[in-house]
Amino acid sequence: MITENLLTTHIGAEIEGIDLRSSDLATHADFLIDALARHQVVFFRDQHLNLEQQKSLTRVFGPLSKLSYVEPLDGEPYVIRVLKEADEVGGTFGGDWHTDFSFVEHPPAGSVLSAVEIPPVGGDTLWTSQATAWDALPDDLKDLLLGRDAIHVGKPYGAKWSPPEETRSGYSIKMVRGDPAADQEQKHPAVLRNPITGRHMLFLNPTYVSRLDGMSEEESTPILNRIQAHATRPEFCCRFRWSAGTVAIWDNMATQHFAVNDYSGHRRLMYRTTFSGPVPTHMAAT
Ligand code: SIN
């Protein structure tokens with residue numbers, strides 16, 4: 001029997017009763033796709049996937065997508081090793097609110113993260129529901145955002161917004177830095193609609209969004225800061241305590257996430273794959 005145990009009313013569910021290593025995973029495809037749309041992030045404990053199994057699982061949701069700017073695992077162009085060694089100082093990969101690679105023309109529709117080695121303390125990940133945040137957004141901000149694009153740039157990888165050395169992630173993940181191509185502006189709708197649930201969702205994040213279309217950075221910044229403070233209110237978030245073998249799958253169009261960097265002195269190892277979906281487009285308001 002498959003059971004869905006909610007982490008919060010708004011976002012996140014632990015799912016039991018599915019073996020993600022199974023060769024007939026396709027029989028669960030409709031359920032998995034629907035569960036992801038409803039919960040925005042889903043978790044499966046005790047799976048211990050190998051990379052082939054992780055890629056097969058990822059393909060249930062869409063074609064595997066390759067990401068520029070982060071070096072993939074040797075011989076595995078679709079897999080990123082999310083590793084922080086015990087002696088690494090500074091930031092951690094994904095250690096601020098973000099939506100994976102929203103600055104590219106065709107951002108990943110979702111990501112699959114498989115936990116291999118988990119620190120004895122810390123190393124949780126937070127996700128926030130951008131559908132719940134939209135529902136509760138004040139009307140003046142809804143009016144401002146509907147039908148508007150936001151401008152995304154690859155701030156951590158570009159030259160213009162390059163982060164200070166001390167906040168960068170450590171040596172285990174090779175990231176391209178200072179590439180002016182990453183500063184190229186990409187427009188995406190500030191509000192999307194989930195094709196399965198019909199819910200509107202904010203599609204903004206502070207890591208990659210530089211401004212709202214039709215406004216300068218100076219005009220946009222206070223508005224984006226206000227929206228981000230709202231979008232990450234604790235009651236819109238879930239926080240997940242990992243265990244080795246656990247798999248998380250999130251809807252990259254419906255969430256922002258944040259890897260908490262609170263486990264210095266300990267090793268943390270995960271493998272991440274991403275899948276693609278439709279290019280984000282404006283939806284008619286209802
Ligand atoms: C990420 O942003 O994909 C990393 C999340 C994590 O390491 O928890």
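A polar contact is taken as a pair of N or O atoms within 3.5 Å; within protein, one atom must be able to donate a hydrogen and the other to accept it, and residues adjacent in sequence count only if both atoms are side-chain atoms. The model is predicted, so local features need pLDDT of at least 70 and side-chain atom pairs count only at pLDDT 80 or more, while totals for chains, interfaces and linings use all residues. Residues are numbered from 1 along each chain as its sequence is written, and side-chain values use heavy atoms, with hydrogens and water left out.

For Thr125, an N or O atom of the side chain is 2.5 Å from an oxygen atom of the ligand. For Arg268, a polar side-chain atom lies 2.8 Å from a ligand oxygen. For His98, the corresponding distance to a ligand oxygen is 2.9 Å. On its own, the ligand has 260 Å² of accessible area (Shrake-Rupley method, 1.4 Å probe). The protein covers 100% of that area.

The shell around the ligand (residues with a heavy atom within 4 Å of it) includes Val82, Gly94, Leu113, Trp250, His257, Ala259 and Arg272. His98, Thr125 and Arg268 also belong to this shell. By class, the shell holds 4 nonpolar, 4 polar and 2 charged residues. Here Ala, Val, Leu, Ile, Met, Phe, Trp, Tyr, Cys and Pro count as nonpolar, Asp, Glu, Lys and Arg as charged, and the others, Gly among them, as polar.

Cavities and pockets were located on a 1 Å grid over the protein atoms alone. A cavity is a set of points where a 1.4 Å probe fits but cannot get out; a pocket is an open set with protein on both sides within 12 Å along at least five of seven lines. Lining residues have an atom within 4 Å of a point. Grid points are joined across faces, edges and corners, and a volume is the space filled by probe spheres set on the points. The count comes to 3 cavities of 30 Å³ or more.

The largest cavity contains about 120 Å³ of space. The ligand takes up this cavity (more than half of its atoms lie within 2 Å of the grid points). Its lining comprises 13 residues, with Val82, Phe93, Leu113, His257 and Ala259 nearest the centre. Strands β6 (125-129), β14 and β15 each give two or more residues to this lining (strands are DSSP runs of E, at least two residues; helices are runs of H or I, at least four; both are numbered from the N terminus). The lining divides into 6 nonpolar, 4 polar and 3 charged residues.

The second largest cavity holds about 70 Å³. Among its lining residues are Val82, Phe93 and Arg268. Strand β4 (80-84) gives the most to this lining, with 3 residues.

Helix α1 (29-39) and strand β9 (191-193) each supply at least two lining residues. The largest share, 3 residues, comes from α1. By class, this lining has 15 nonpolar, 4 polar and 2 charged residues.
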